[in-house]
Structure formats: structure tokens, C-alpha cells
Amino acid sequence: MLDPRTAEGSGVSSGRREGPDPPGPKPSGKGEPAVKSVAVVGASGAVGEVMVRLLEERKFPVGSIKFLASERSLGKSVKFRGEAHPIQLLTADAFRGVDIVLSSTPGSISKEFSPLAAKAGAVVVDNSSAFRMDPDVPLVVPEVNPGDVAGHKGIIANPNCSTIQMVVALKPLHDALRIRRVIVSTYQSVSGAGQKGMDELRAQVRAEVEGRPAPRPAKFAHPIAFNCVPQIDDFLPDGYTKEEMKMVHETRKIMGDASILVSPTCVRVPVLYSHSESILVETERPITPAIARDLWAYAPGLKVVDDPSQLAYPMPAPARGEDHVFVGRIRQDLGNPHALLFWCVGDNLRKGAALNAVQIAEELLKLDPVGA
Ligand code: 2RA
């Protein structure tokens, strides 16, 4: 069953069907998941482009695909499996007959269109922040809480990039040692702010190197070239930013534990791709680097790169294009046997966004009766 709603009488049975096939997924062969009708919303954006490449790379069972966007993108086309598909206008009608929607649009667009897609019978994997804290919407990182996918009511939220990579690393520690507190400082690349963020860094670096006055900041509050900006998203009255509070609330929801304390500082750095995080974790049971390494050795989606003698540690540039979250610089806290420090790096456009969304869609396939 792809859609738990079908069990509640929405008209499509979850088992073998009598009579003519309804529109939508078709079995593609014995033992193969049924092919899906897929729509990608926002396919020409920085995350959307990666989503499309991942659907190809991971051989997602796409029966038909369409690419939807606002009027601004009309006239453009998206190449998928060697074929150019013109971008179509994002309307409620465009979701008719679609099984899975992968959406990467600003929250305001998601708020309007994701419920319409769900109403039309699709399951939406929504990359915006619009629904992440909605109690009726699962917030999923497949390495952490894949089971939550089954509780969807038509929309599944993809968490924020800085949260995703952190919880992949925290989950094995929490399961074994119970995390009490996390102190995290992020070093977030400009691609987290989309194509415009990358363009702004490149333009400012070029101007600086050529000795010209740098273009005024537009995407970021201050010049980002040769600088660090300790502000991502808007400030809240208590002095935290929205990005920081995403790390607090989303971590608790994904890990299913509201008692975890998270103390975040989010910083934009002049790096094009991949976010880095310096993390101190405090656990109920004592923790050591050896224990953490053992717990991480078989953690899904995670690789330890930690050999100071070889100057080996995770870094954002080599993490670009990688699916794994990388951890290294693993150290005991100097004064606390219940605390450990480490450095965590992940490609924010891949695991931090597009890959996680496609993995959620893959979890949906598992709910479908195989070859039914
Ligand atoms: C950023 N967290 O890096 C955002 C993207 N989701 O700006």
C-alpha cells in the first residue's frame, strides 16, 4: 500500500484489484515495485536539479514524469533519461493521476500546492519548511525514522539540511547511550540559499580578486566572500534565528524524543557546497571516542573519516556529490566523561535535501504491495 489513506476507503484498494486497472501505478514485473507517475515541482532549482539526477541514478521506477513550476520557468525544459520534458505550469489539475510528487519550492508555494496534490491522490515529499512541524505530517530521515512514512496523510516533510546530517550521526549514539544535550555550530555553504546564493558568492569573490567594488549583498545580510555571517534565515525575538530553531524542533521530532536539548548556532560560510557542523554531544551513559566509533561503524548513511596521523577528516569540498554523512575529529570532552566532540559534513543538496527526499519516496515504494 503506497497510501495509508486507501485503507480508509478513498476508492483504491490496497490489495489485488478486480476489473480494469485504475490510472496510476502499474506493476512493472514480478518482484519489481510498480512504476509510478511522478511529478517534480521546482525541478530547475538547485535542489530540484539534483532530485532529477537522483531519480535517474537510483533507477527510481518512473512510469511517467512531469516537471512543474511557476510561469517564470515556462519555456525551459528538463532532461530526464535522455528525453527533454518541457516544464509545465504548476496548477491543481497538473497533479491528476500523479502518484508521487517531489516538491522543492518556497514554503508559500508549498502551502498552496502540496495540499492540492495530496487531495488529488498523490503523496507529496515536501522539501519546504511549511509542514515540518505539523503533527499530521511525518518528518523523515530514512536512516533514523523510516517507519514514520507509513503514517502519512498525503504529505511527508523533508527536514532542513543542517538537521538531516546531524541526526544521521546522532541516532546511533542516542539509541545506545541516550543523548541529553547537543551543542552545535554550523558552517553552512551558500548553496543552502539556492542558485542565487552561489551566484552572490561567485560575483563577490570575482570582484574582490579583480580589485573592483563587490556587488551589494542581496541574498545574504552581509558580504559573504571572505567572510562568515552568523545569521541564517530571520531572527526571532529571543535572539535565535529560524534556522537555529529548525535544528531544535526538527531534531526532537525526527528522533522521537522531546527531551533532547539542542543549543545551535548557524553560520553561513563562503563555501559553495556541503554543510559542516561542530557538535558536542552529552549522553546519559558515559561516552568515549572508541564507543562512538563502534556505534558509527555500521550506521546507515554514515562514514567515519578520522585519522589525524594522516590529516584525514571530513571536509566540505570532497563531500560534494557524496551520499554519505561524514564524521571525524572525534574527541572526548576534556572535562566530562559523558560528552564527546566531533565534526560532521554532508552534501546539503544531496543528503541534506534531494537524496533524502528520493529516499523517502523509496520508502513509500516499500509500502506498496510488490508486483501486486
Ligand atoms: C540553508 N537550511 O542552508 C537552508 C537550506 N534549507 O540556508
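Okay, let me start with how axes work here: an axis is a line fitted to C-alpha atoms, for helices over the stretch in contact, and angles run from 0 to 180 degrees between N-to-C directions. Helices (H or I, at least four residues) and strands (E, at least two) are DSSP runs, numbered from the N terminus. What you see above is a predicted model, so local features need pLDDT of at least 70, side-chain atom pairs count only at pLDDT 80 or more, and totals for chains, interfaces and linings use all residues. Residues are numbered from 1 along each chain as its sequence is written.

So, the helix pair. The axes of α3 (residues 161–177) and α8 (residues 350–367) come within 8 Å and cross at roughly 85°. That makes α3 roughly perpendicular to α8, a label for angles of 65 to 115 degrees, with under 35 roughly parallel, over 145 roughly antiparallel and the rest oblique. On the α3 side, Cys161, Ile164 and Gln165 make the contact, and on α8 we have Lys351, Gly352, Ala353 and Asn356. Contact here says that C-beta atoms, placed from the backbone, lie within 7 Å.

Cys161 turns up again around the ligand, along with Asn160, Ser162, Gln188, Gly192, Ala193, Ile232 and Glu243. The cut-off there is a C-beta atom, placed from the backbone, within 6 Å of the molecule.

Now the sheet. Six strands form an open one, ordered β5-β2-β1-β6-β7-β8, with parallel pairing. At the edges stand β5 (88–89) and β8 (155–157), each with a single partner strand, so one side of each has no neighbour in the sheet. Helix α2 (residues 107–119) packs on this sheet and touches β1, β6 (100–103), β7 (123–126) and β8, its direction making about 155° with that of β7. Inside the sheet, β1 (residues 36–41) pairs with β2 (residues 62–69) over six bridges; DSSP has to find at least two for strands to count as paired. Lys36 sits opposite Val62 in that pairing.

Two residues lie between the strands, and Arg81 takes a positive phi near 45°.

Last stop, Lys219. Where is Lys219 placed? In the loop between α4 (194–209) and α5 (242–255). Lys219 is partly exposed, because 16 other C-beta atoms lie within 10 Å; 20 or more would be buried, 12 or fewer exposed, with C-beta atoms placed from the backbone. Beyond its neighbours within four places in sequence, Lys219 contacts Ala193, Lys196, Gly197 and Glu200.

Terms used: Two residues are in contact if their C-beta atoms, placed from the backbone, lie within 7 Å.
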